[in-house]
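Me: I am new to reading structures of this kind, and I would like to go through this one slowly. Could you take me through it feature by feature, giving the general idea before the particular case?

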Amino acid sequence: MNLPQTRISRVVDPVIDAVGNATSWIWVVLMLVIVVNVCARYIFGEGRIEFEELQWHLYATGFLLAISYCVSSDSHIRVDVLHERFSERIQVWIDLYSNILFVLPFVALMLIFGVPFVEDSFQRNEVSASPGGLPFRWVIKSMLVVGFALVGIATISRITRLAAYLVRNAS
């Protein structure tokens, strides 16, 4: 579906696209860390918890930052059993209401509860409980807040585009 651009989307969407493109490199780094970890474990008999935790952190960061790109580009997964059978106008209405009624409140809850979660971790200077684990646990926890903030911004941009479509195609 080709949605019109709005003032907000012309500012937000390139930023979200840049985040998405930059995030795609995390997967390359993740693969390198996995290869190094597997080689260290099976060739040299030396497994390291740091590599295990770094893998989890890279995967979580990549996933959380890429969600906003999926919202912006409308490449996220949805249940299309009914959606595809509707007219384009009905699809836009469904997308508009689902973003307003479901996505934005969920993002708000994640931010409301996520910020104190990260603050507490930062204030306690939380580290991994695993021996030899990574320090600065608040950094990975902050990706939750950053990721959902980006999703919120991308969703607002998408809502403006959906609304512009409905206004331009009013019947």
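Reply: Let us begin with a single contact, bearing in mind that this is a predicted model. The backbone nitrogen of leucine 134 lies 2.8 Å from a polar atom in the side chain of glutamate 53, and glutamate 53 itself belongs to helix 2, which covers residues 49-73.

Me: Which residues is glutamate 53 in contact with, once its neighbours within four places in sequence are left aside?

Reply: They are Ser128, Ser130, Gly133, Leu134 and Arg137.

Me: What is the nearest side chain of opposite charge to glutamate 53, and how far away is it?

Reply: The general idea is that side chains of opposite charge can pair when their charged atoms come close. For glutamate 53 the nearest such side chain is that of arginine 137, at 4.1 Å. Because a salt bridge is counted only within 4 Å, glutamate 53 has none, although it is buried.

Me: How many salt bridges does a search of the whole structure find?

Reply: The search finds 9. One of them joins the side chains of glutamate 52 and arginine 41, with 2.3 Å from N to O. This pair links distant parts of the chain, since glutamate 52 is in helix 2 whereas arginine 41 is in helix 1 (residues 7-42), 11 residues apart. Arginine 41 counts as partly exposed, because its relative accessible area is 32%.

Me: Which residue forms a salt bridge with aspartate 95?

Reply: The partner is arginine 158, and the closest N and O atoms of the two are 3.9 Å apart. Aspartate 95 is in helix 4 and arginine 158 is in helix 5, so this pair ties together parts of the chain that are 63 residues apart in sequence.

Me: Is lysine 141 buried or exposed, and which residue does its side chain meet in a salt bridge?

Reply: Lysine 141, whose place is in helix 5, counts as buried because its relative accessibility is 15%, the cut-off for buried being under 20%. Its side chain meets that of glutamate 126 in a salt bridge of 2.7 Å, N to O. Since lysine 141 lies in helix 5 and glutamate 126 in the loop between helix 4 and helix 5, the pair ties together parts that are 15 residues apart in sequence. Glutamate 126 is buried as well, because its relative accessibility is 16%. Through shared partners, salt bridges join Asp120, Arg124, Glu126 and Lys141 into one network. Not counting residues up to four places away in sequence, lysine 141 touches Phe117, Val118, Ser121 and Glu126.

Me: Let us turn to aromatic rings. How many aromatic pairs are found in the whole structure?

Reply: A search of the whole structure finds 5. Among them, tyrosine 59 and phenylalanine 63 form a stacked pair, with 6.4 Å from centre to centre and 15° between the planes. Both of these residues lie in helix 2, where they are 4 residues apart, about one turn of the helix. Tyrosine 59 is partly exposed, because its relative accessibility is 48%, and phenylalanine 63 is partly exposed too, because its value is 47%. An edge-to-face pair is formed by phenylalanine 122 and tryptophan 138, at 5.0 Å centre to centre and 90° between the planes. Here phenylalanine 122 lies in helix 4 and tryptophan 138 in helix 5, so the pair ties together parts that are 16 residues apart in sequence. There is also one aromatic cluster, made up of Trp27, Tyr59 and Phe63.

Me: What is phi of asparagine 125 near, and where does this residue lie?

Reply: The general idea is that most residues other than glycine have a negative phi. Asparagine 125 has a positive phi, near 50°, and it lies in the loop between helix 4 (88-123) and helix 5 (137-168). Phenylalanine 136 also has a positive phi, near 55°, and its place is in the loop between helix 4 and helix 5. Asparagine 125 counts as partly exposed because its relative accessibility is 45%, and phenylalanine 136 counts as partly exposed because its value is 47%.

Me: Finally, how many disulfides does the structure hold?

Reply: In general, a disulfide is a covalent bond between the sulfur atoms of two cysteines. This structure holds 0 disulfides. Cysteine 39 is partly exposed, with a relative accessible area of 28%, and cysteine 70 is partly exposed, with 25%.

Key. Residues numbered from 1 in each chain as written. Predicted model: local features only at pLDDT ≥ 70, side-chain atom pairs only at ≥ 80, totals over all residues. Heavy atoms only, no water. Helix = DSSP H or I, 4+ residues; strand = E, 2+ residues; numbered from the N terminus. Buried < 20%, exposed > 50% of the residue type's maximum accessible area, 1.4 Å probe, protein only. Lys, Arg positive; Asp, Glu negative; His and termini not counted. Polar contact = N/O pair within 3.5 Å; in protein donor to acceptor, adjacent residues only side chain to side chain. Contact = heavy atoms within 4.5 Å. Disulfide = S-S within 2.5 Å. Phe/Tyr/Trp six-rings, centres within 6.5 Å; stacked < 30°, edge-to-face > 60°.
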